[in-house]
Every structure is written in C-alpha cells, then in structure tokens.
Number of protein chains: 2
Amino acid sequence: MRVRYEHVHWELARVLRANGFAPARAELCAQLFANASRDGVPSHGVNRFEQFIGAVRDGTVDPAAEPALISASGAFEQWDGRRGPGVLNAHHAMTRAIALSRAHGWGIAGLRNTTHWMRGGTYGWQAADAGVIGVCWTNTRAGMPPWGSTTLRIGNNPIVIAVPRASGAIVLDMALTQFSYGAINEYRRRGETLPVDGGYDTTGQLTRDPEALAASKRMLPIGAWKGAGLGLMVDLLATLITGGFATHELSPIGADGVGYSQVFVAIDPSALPARAGGVAEVVDAIVDDFHGAQQVDGRRVFYPGERTLEARVENMAHGIDLDLEIWRRVQAL
Amino acid sequence: MRVRYEHVHWELARVLRANGFAPARAELCAQLFANASRDGVPSHGVNRFEQFIGAVRDGTVDPAAEPALISASGAFEQWDGRRGPGVLNAHHAMTRAIALSRAHGWGIAGLRNTTHWMRGGTYGWQAADAGVIGVCWTNTRAGMPPWGSTTLRIGNNPIVIAVPRASGAIVLDMALTQFSYGAINEYRRRGETLPVDGGYDTTGQLTRDPEALAASKRMLPIGAWKGAGLGLMVDLLATLITGGFATHELSPIGADGVGYSQVFVAIDPSALPARAGGVAEVVDAIVDDFHGAQQVDGRRVFYPGERTLEARVENMAHGIDLDLEIWRRVQAL
C-alpha cells in the first residue's frame, strides 16, 4: 500500500517520542527512517523500524544518549556515540565533518561506540545536499569468512562515497558483501532468488538462495579474496581512526550494531584545484560519458544514486510503497 | 632463473641511465621495479620493464620531467607530474603526503598528469615503512563496462591501503577488476586459466580464459555492479581532488598510463586517538583474530601483504625468480 511521506514520518516520530526520544530527535530520526523507504531502501527504513524500536526497548540503544566530543585537532574530531541511536550519531558526525570542511577544506569526524547507522547512503546524501564530497564507512560484526575459509572473521563494512551534482548527486552506498543482510532479507521477504551468487550454503556450494544464506551466514564478499581483504582494511581504518572497537571485539557483544566504529570525511569542492568549468562541469562530463554506455538489452545504465532519485520522485508523488503487514505492526508499536 | 636482487637492480639502473635518467633517479626507479619482482609482483616489475623503456623511447614518458608543485594549503598539496616516470612521481607524492602527515596528522598529495605507477602497492609499503597509514588510488583508461553493458567506460582504478605493523605491514593493493591486466597477462604467459570468472568473452559469456579476456577486454569488476559503481566514484575522487584528467579523457590519449590522476593520503598514527596498548596492539589483535580463521583445506589464511613478505624473504635469500626470456630482453635493452 502507498502511504504519504508526511504520514509515515509523523507515525514514526510518534512511536519514537513514546519510546524515550526527545521531540526534535524523534523528528530527525523519523525523517531518516522515512527517507530510506522514500529513496527505495525499505530494508534499512520502515522495514527495519520495528527491530530498531526493539533495540531501544531492550536497552541496546539509548534514545537519550547524545554524542560527546572526545578530542578536536584541526580538521579532525573524535566523538563517542555513547551507544545512542546510530542514525542520529552518524548524522551528527557528518554534520561535524561538513562544518570542518568549510573551515579547513577537509573535515574528518571519527565516531566510536555508536550503534547501527541503518542506511549508510543517508550520510552521503547529507554531504552531497550540503554541496560537499562525502566519504564514510563503518565496521560491523563479522559476517564473511576470509577467502577459502568457513570462519566468519570480517565485517561487511559498508562504504559510502558521495559527490554533489546540481542535477542529482552521485552516491555509492555498498556493503562489501555481494548482498547486504538487508538486501538478503528483502529477497527472502519477496520469496525471490538472487540475481548472482551471494555466498556459500551450509554444504560449501555457491548459492543464489537467500534462505540458504540466512542459514549458513557465509556471505560472499565482492570480488572474492579482494573484498575480504578490503573488509579487513576498512575495519583497521575505522578502528584506528576512531579509537573504537574492531570487528573482532564487536562480535562478542552480541547485539547487532552495538559499539560500531565509523569515519566521516567531507571535502569542500571549493578548496579543490579548479579546472576550466569548475567542479560541476567535470562531474557532469564524467556522468555524461558513463551514460554513453548502453546495456546489452538496450536499456540505459544507471550511475550510483540515479535510481534513488527516481524512487524518491515516485514515492513523493504517489506515497511510499509499504509492506502492509509491516506497516500495521509499526502503527501498533 | 634466479638472479640476485642487487644484480637486477644494477642492470635496470644501467638501462635507465642509458635512456635519459639522471643517476639518482635511475637508482630509485630501478629499485622500485626490482622491488615489485622481489615482492612477487613481476607483472608490474621486471616483466613490465621493457614496455616501460619503450614508452620512454617513444616519448610517452619523459625521463627528465620532475613533478612540479601547483598549490599547497595546510595538509593538502597538489602536484603536476608533467608526464614524467610514474613510479618516481608517485613515490614523490607519497613522500610529500608522509611529510605533511608528520606536521598535520594527515597529509594529502594530489598528483595529476602523471604516467603509470606500475605496482600500486609500492606506495603503500612506502607509507607503512615510514610508520604511517597510507591510502592511495589512481584512475586509468576505461577497461570495464558499466554493469549489464558492453561499452568500456570505467577504469580498473587500483586502490591501495596500507597499515604499518612491526612484524609486517598489512598492505592491500587491488585493481577493481576481478583480475588486473598484469595478472591476466601473467596467466596468459603461464598458459593457465583463472581460478574464478574474470569477465565476458566476445560472445557475452562469463569466462575464466585469459586469452578470451585479452580479446574481449570485457573485464568483470569485483562485485559486478558494485565494483562498477566503485570504479566511477574512484575516478570522480581522483579527478576532483587533483584537478587532472578523468577516465573518459584518458582513453582518447591512447598510450596506456599517460595523464593519470592519483591521490596519496598519509595518516600519522601518533595523531590518532590512543587506545590502551596503542596502535601496535590494536593492529596485532585484528591480525591475530583474522589468522584464527582456517581455510577449508586446512591451510592458513593470509592477510593482504602477508605473502608479499614471504616472497620478499625468499627472493632476497635465493635471488629473484625471473622469466629467462624476459630477462635476456631486458639485458639487451
């Protein structure tokens, strides 16, 4: 069923206020959840909201905890998320990185001890909407084995890279597994198989069956050994830059998303070396060249974030397409 | 055949001096080529040397061109590589990033208008050997199609991430294709098939045949659509941060490696928030956890760079394992 964005936002904010969120924080948190569904990422939006409220109710996430500044030096700040709501912590950290980039050209905010940031792309769009380049990443609990192994040791450690553009930002938001848990759960919910292999089943065979992957939890990293290696490096960088917990320390905590280490980088394009035409012309030329490619079936190709905008336009015009059963449960929260 | 490292270095330096390199630059350039073979990456070391000298002789690479500082602001410098030798330009840019990180905690050197940096890992090891975290990337000519397309629009845009560690640095050096051109050529040279699919043949079928990939040039990005998107973002960041050429501008130049845009980032761990035990203990704990995984066949797992060290030890002890035919051609240069 389709529900107006404003109504989804209002309903989520109501539930948040009833669960310990101060009004302004409930507004922003509800907005970020609603935006994820509005932008075509329901797995990390409304479809994840019930689980999020569960984490608040069982004390895993402290709705009243605000991030605390630990240290500041030039363009680098370090924050303690105090296990507050991950979306609010991450939004705050990117806000700080953006502010630092205005003053220094570059800004880096390390955020330790936070909780799940839900849709990582949120903070890329936040940067791009502010007119700056944004790069952020998080570590996670272990969800992938090193290449050739069955032992989970590496997080799916999502990476977000965003470049502002007047006619639509380019925003890459990807976990290092071929499919994120959220995406796997969406395929399970819809009863669909994956378009390419997503990992190994419990017998060690590559599989496109999302149920088999939910059982085995042996997710395939992008690029096999390459993604496994990249995952290790992302964890190292997140842990070292924030002074927070590493993947191997997160896994024993048990609750998903608790204690994560995240890094937010913002770069002000006005601080970058100018080329004729400026940043806008350079970015447009790269996108135009990319669009010059054609899919084998004659369809056009999409840059990262392009379909996000299309989903946004459609969901704002016709209402957000919600799963009826999930929406009823959210309304009953 | 195995040839002593010192002799390989000496021979390469001799050829470089005879081809317009000043003595000190010939020494360093020869060292970086020899190091690649010493570290088990002959595709970007001795096996690539003849092609490199060819680029010098035909004027594609100017052996006398030194990088020129364009702008400097705080921790950020921008350099023009002036189409000098890519290895020397990249080494210089990482040297600058390291120096900036000593002063500011973080250092960023943008390098435009350079030529092929050969083995990207060189500059990661350079940072790690200096005790700092190093991150660098380069754009390249188009070598991959966007997902679902046959039109080459995206570079394989290698990424390097290095973390220092007393008992052996962790250094990821990866192109965004499942296999680099250099790796594909090594498989062709050895007459071996690839261990996993590397791309599409000319009929559009996934293939593990390196000859088919050399013919089709339709390389598979890591993670299918994910690597294609990541490649676009790496090009955007390289182009914007350096003010240099984008992939779509490099491809018409024709000669491989000419005009590349590269970014070098160094982070001084002493500027990072301390945890009990310091950086060394944090990194060791992450590596120890990773090593706790076991391969299904009982072998141990390797972190990125671990086998590099093993190759280095063996090649320094017994001489670098060279392809006899290639080595004779190098000696005849």
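This note walks through a predicted two-chain model in numbered points.

1. **How to read the model.** Residues are numbered from 1 along each chain as its sequence is written, while chains are lettered from A and ligands numbered from 1 in the order in which they are written. Because the model is predicted, local features need pLDDT of at least 70 and side-chain atom pairs count only at pLDDT 80 or more, whereas totals for chains, interfaces and linings use all residues.

2. **Chain A as a whole.** Chain A holds 12 helices and 14 strands. Here helices (H or I, at least four residues) and strands (E, at least two) are DSSP runs, numbered from the N terminus. The radius of gyration of chain A is 20 Å, close to the 20 Å that the globule rule gives for 333 residues, so chain A is as compact as a globular protein of that length. That radius is taken over C-alpha atoms, and the globule rule is 2.2 Å times the number of residues to the power 0.38. Along the principal axes, the C-alpha atoms of chain A fill a box of roughly 55 × 50 × 45 Å.

3. **Burial and contacts in chain A.** Of the 333 residues of chain A, 57% count as buried. A residue is buried if 20 or more other C-beta atoms lie within 10 Å of its own, exposed if 12 or fewer, and partly exposed in between, with C-beta atoms placed from the backbone. Take the contacts in chain A with a separation of 6 or more: residues 24 or more positions apart account for 62% of them. Two residues are in contact if their C-beta atoms, placed from the backbone, lie within 7 Å.

4. **Two domains in chain A.** Chain A is divided into domain 1 (2-61 + 310-331) and domain 2 (68-271), with bounds from an automatic or database domain assignment. Their C-alpha centres lie 21 Å apart. The contact takes 15 residues from domain 1 of chain A and 16 residues from domain 2 of chain A. On the domain 1 side, α2 (23-38) and α3 (46-57) of chain A each supply at least two residues, and the largest share, seven residues, comes from α2(A). By class, that side has eight nonpolar, five polar and two charged residues. In this scheme Ala, Val, Leu, Ile, Met, Phe, Trp, Tyr, Cys and Pro count as nonpolar, Asp, Glu, Lys and Arg as charged, and the others, Gly among them, as polar.

5. **Where chain A meets chain B.** Here 64 residues of chain A are in contact with 65 residues of chain B. Several elements of chain A each supply at least two residues to its side, including β2 (68-73), β3 (76-80) and α10 (278-291). α8(A) gives the most, with 12 residues. The residues on the chain A side divide into 36 nonpolar, 23 polar and five charged.

6. Three strands form an open antiparallel sheet in the order β11-β10-β12 (chain A). β11 (206-207) and β12 (218-219) of chain A stand at the edges, each with a single partner strand, so one side of each is left without a neighbour in the sheet. Two strands pair if DSSP finds at least two bridges between them. Strand β10 (residues 199-200) of chain A and β11(A) pair over two bridges, and Tyr200(A) has Leu206(A) as its bridge partner.

7. **Helix α3 in chain B.** Helix α3 (residues 46-57) of chain B has 12 residues and reaches 17 Å from its first C-alpha to its last, close to the 16 Å expected; the expected span is 1.5 Å times one less than the number of residues. Its buried residues include Phe49(B), Phe52(B) and Ile53(B). What covers the buried residues includes α1 (5-17), α2 (23-38) and α12 (324-331) of chain B. Just after α3(B), Gly59(B) takes a positive phi of about 85°.

8. **A closer look at Asn47(B).** Is Asn47(B) buried or exposed? Asn47(B) is buried, with 22 other C-beta atoms within 10 Å. Not counting residues up to four places away in sequence, Asn47(B) touches Pro42(B), Asp323(B) and Ile326(B).

9. Strand β2 (residues 68-73) of chain B is hardly covered, as the count of buried residues among its six residues is zero. β2(B) pairs with strand β3 (residues 76-80) of chain B in the antiparallel sense over five bridges. Ala72(B) stands opposite Glu77(B). Two residues lie between the strands of this hairpin, where Gly74(B) takes a positive phi near 60°.
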